[in-house]
Amino acid sequence: KELVMIAAAGDSMKPKIHDGDLMLVNLKDTRPRDELIYIVRYGDELLVKKIVREPSGAVLLTSEEEGRLAQRVRAEELPSLQVHGRVHFAFGRV
């Protein structure tokens, strides 16, 4: 009940997670810790991102792919950010 497999869509988390990789996600691990990868819903989007907390109370949703800009979620917007679980492993195709 706590662990699910979800297929990644997109390349924003390359080189760690590639489009089509299967991710093992712990749905009970929803309390974000810096520099770990989570499945989050922000607005209408379901995203795979690293979460980085800022001293101001805001968080950054970051990608692994070089050149991608982080998405900043201000402290007052945090109630609209839902953390669904932490990605523990990603499995690629052979």
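Predicted model: local features only at pLDDT ≥ 70, side-chain atom pairs only at ≥ 80, totals over all residues.
Trainee: Which backbone atom does the side chain of Y38 reach at 2.9 Å?

Mentor: The backbone nitrogen of R33. The side chain of Y38 also reaches the backbone oxygen of R31, at 3.5 Å.

Trainee: Is Y38 buried or exposed?

Mentor: Buried, with a relative accessible area of 0%. Buried means under 20% relative accessible area, exposed over 50%, and partly exposed in between (1.4 Å probe, protein chains only).

Trainee: What is Y38 in contact with, beyond its neighbours within four places in sequence?

Mentor: Quite a list. D29, R31, P32, R33, L47, V48, K49, I51, V83, G85, R86 and V87. Contact means heavy atoms within 4.5 Å.

Trainee: How many residues of β3 are buried?

Mentor: Five of its six. The strand is mostly covered.

Trainee: Now the sheet. In what order do the strands come?

Mentor: β1-β2-β7-β3-β4-β5-β6. Seven strands form an open sheet, and the pairing is antiparallel. Two strands pair if DSSP finds at least two bridges between them.

Trainee: Which are the edge strands?

Mentor: β1 (3-7) and β6 (71-73). Each pairs on one side only.

Trainee: Over how many bridges do β3 and β4 pair?

Mentor: Six. β3 covers residues 37-42 and β4 covers residues 45-53. Along that pairing, I37 stands opposite K50, and V40 stands opposite L47.

Trainee: What sits in the hairpin of β3 and β4?

Mentor: Two residues lie between the strands. In that hairpin, G43 takes a positive phi near 65°.

Trainee: And over how many bridges do β3 and β7 pair?

Mentor: Five, in the antiparallel sense. There, R41 stands opposite Q82 in β7.

Trainee: New topic. Which residues make up the largest nonpolar core?

Mentor: Y38, V40, Y42, L47, I51, V59, L61, V73, L81 and V83, 10 residues. A nonpolar core is a set of buried Ala, Val, Leu, Ile, Met, Phe, Trp, Tyr and Cys residues joined through side-chain atoms within 4.5 Å.

Trainee: Where does the largest share of this core come from?

Mentor: From β3, with three residues. β3, β4, β5 (59-62) and β7 (81-91) each supply at least two. Apart from this core lies another, of nine residues, among them V25, I39, V48 and V87.

Trainee: Why might a core form at all?

Mentor: In soluble globular proteins, nonpolar side chains tend to be buried together.

Trainee: What about charges? How many salt bridges does the structure hold?

Mentor: Eight. A salt bridge is a side-chain nitrogen of Lys or Arg within 4 Å of a carboxyl oxygen of Asp or Glu. One of them joins R86 and D29, with the closest N and O atoms 2.8 Å apart. The pair links distant parts of the chain, 57 residues apart: R86 in strand β7, D29 in the loop between β2 (22-26) and β3.

Trainee: Is R86 buried or exposed?

Mentor: R86 counts as buried, at 16% relative accessibility. D29 counts as buried too, at 14%.

Trainee: Which residues are linked with R86 in a network of salt bridges?

Mentor: D29 and R33.

Trainee: What does R72 form a salt bridge with?

Mentor: E54, with the closest N and O atoms 2.8 Å apart. R72 is in strand β6, and E54 is in the loop between β4 and β5, 18 residues apart. R72 is partly exposed at 43%, and E54 is partly exposed at 23%.

Note on methods. Residues numbered from 1 in each chain as written. Heavy atoms only, no water. Helix = DSSP H or I, 4+ residues; strand = E, 2+ residues; numbered from the N terminus. Polar contact = N/O pair within 3.5 Å; in protein donor to acceptor, adjacent residues only side chain to side chain.
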